[in-house]
Amino acid sequence: MECPRLPDPVLLELFSALGVRDLLTAGAVCRQWCQVSNDDFLWRDLFYRHFGIPRSVTRRPGAESWQAEFRRLHEAVPCVEVVQLHVHVDEVLHVTFSGDGRHFASCAKDCTIKIWALGTAVTLRHSVCLRPHGWQYVRYCQFNEDDSLLMVSGPLCTPHDAGEIIVLSMADFTLLSRIRNKPAASLGAWLGQRHLLSVSHHPLGGFTSISELWVNSAFQDLEPQTDVVRKLFRFLNINGSVVRSLLVADTTGRGGHRDQGAVLGEAPSRNDANEAEAKASALCKTFGDIVCSSPEHGAEEQPQSNKGFCSCDAQPTSTLGMAGNVSKCATEHGQETDTDVPCKWLIFTRGRRTHTAHQIGLKRVWPAQTTCEGPAWEAEGLLDPVDYVIDLDANVVGMGLSPDHRVLYMTCRSWPPGTLISDPMNPPPVAREVELRAFALDTEIFEEAPVCVVPRAQLAFSPGDETSFFQLAVTHDLVASGSEERFATLWDRHYGVAVAHLHHGDRVHAVATCTSRPHLLLSASADNTLRLWSSRSAMRQGTAPRVLSEQLL
């Protein structure tokens, strides 16, 4: 005897109480149950309930359906461990993918940089020990845009926090350049295909110093008769702070549409415009024979409780980066001061009210300033203003750019509300909870860009003056970060929810993603291992890489 059919509304009511596995199992019973189990409203409720997302959050623009979104967050996230590499003999500090996803590089406290090939198998192509060059360890590495060069940086076995940057050719792994970099925590950054940034630090007495940024040719040993270095900017540091953690956002050739992947959150209040303008016109001071033409000296009395955008280091204008002597500098380098002129943005962390990094500085870099050719920095003894400053009332513990360079992501450990700092060398306590924030870098909307917050994204345990820094890895859909919690965390960019935790035996120093192979992720840990992760869908399709040699396991 055939069982009577239940009405669809009754089935929907029953299915709404099921979990994912039970719902999929019910959909395999018959055609009617299959059709009802694919109802998009049913999957919408299941999506919100399963991932703990507020119902006020709308579906990602361009998404086919709620069921497809559930499948993306469950199937396309790299959360399955594929390979565990035990090649470094000390803590692995950083790992990075090449742009095409065919290579990756890792560096560690054993003072080695290792370059790997990644196809259907993982193979070790080359290893370099930098201890004979006077290095303590290797801290950071980064491929240039066409993956032909690899920049490597780390501290030297010398006092005063001195570091060095080297450039390796990916063709034959020859050493092309050695560049001094101080402090070593600035790491360095690629400014173009053949040029990179370094920093030099010059104390002026007390807690005041100068940070000079230099454009360096990547082929200094091969081009001895040409210009291989040029001074780019000179910034004033107060209260024991320094410029560190450089990033370069390339706004050249971008479309005008906003990135739809920004993490959701609420926007804090902006600084009062009149107060910012008064500070921007503060009197200049003199340090020895260094003449300061920057209004930065007026910035140390910022409002203590404000988070977000402030323009205390530049004359307030209606367009991003068009402060007074920025336009002057652009004119001297033959650039128009129209805001439509494509440019790059130098992004860095620094202190102000205290020596720990609690501000993000942004400085516009014109096309003619991205090489070592042409006139040097405009005048001896002058200081450059920072075009825009994001004051976070928190220690910055991580930064990363979206693939289109339209969104800057950062992780922060907040200060107590209403913090007043009386001693800049005694920074305030920081929260154990780590927040994930995002700022839109679109030039036409930057001044109104919201600060987006994912509270309690991670936990940290180090004190405020010893906070670790983690490079964030960002794809079109995900943001990933290492942590002090013995696992890396992956968040969805649109919904602002953690979708995976990748576990290690100790703290995770770094993670790396690849836009061309978004189903893969690398993590580097203090447990001396590198781990390669793949998505569930790639595992089922058999496209995940494997290890070619058992000696690497």
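**Strands E7 and E8**

I looked up the pairing of strand E7 (residues 149-155) with strand E8 (residues 163-169): seven bridges join them, and they run antiparallel. The model is predicted, so I kept to its limits: local features need pLDDT of at least 70, side-chain atom pairs count only at pLDDT 80 or more, and totals for chains, interfaces and linings use all residues. Residues are numbered from 1 along each chain as its sequence is written, and side-chain values use heavy atoms, with hydrogens and water left out. For pairing I required at least two DSSP bridges between two strands. Helices (H or I, at least four residues) and strands (E, at least two) are DSSP runs, numbered from the N terminus.

I then took in the whole open sheet, which has four strands in the order E6-E7-E8-E9 with antiparallel pairing. Strand E6 (140-143) and strand E9 (175-181) are the edges, each pairing on one side only.

I noted Gly154 opposite Glu164 in E8.

**Salt bridges**

I found 18 salt bridges in the structure, taking a side-chain nitrogen of Lys or Arg within 4 Å of a carboxyl oxygen of Asp or Glu.

Glu164 turned up again here, in a salt bridge with Arg178 (3.0 Å, N to O). Glu164 is in strand E8 and Arg178 in strand E9, 14 residues apart. I read Glu164 as buried at 4% relative accessibility and Arg178 as partly exposed at 39%. The cut-offs are under 20% relative accessible area for buried, over 50% for exposed and in between for partly exposed (1.4 Å probe, protein chains only).

I checked Arg531 next and found its side chain in a salt bridge with Glu81 (3.3 Å, N to O). This pair links strand E32 (residues 530-535) to strand E1 (residues 78-85), 450 residues apart. Arg531 is buried at 12%, while Glu81 is partly exposed at 32%.

Asp45 pairs with Arg55, with the closest N and O atoms 3.0 Å apart. Asp45 lies in helix H4 (residues 40-51) and Arg55 in the loop between H4 and H5, so the pair ties together parts ten residues apart in sequence.

**Arg72**

I located Arg72 in helix H5 (residues 66-75) and found it buried at 14% relative accessibility. Its side chain makes a polar contact with the side chain of Glu69 at 3.0 Å. A polar contact is a pair of N or O atoms within 3.5 Å; within protein, one must be able to donate a hydrogen and the other to accept it, and residues adjacent in sequence count only if both atoms are side-chain atoms.

Leaving out residues up to four places away in sequence, Arg72 touches Arg60, Val77, Asp477, Asp492 and Tyr495 (heavy atoms within 4.5 Å).
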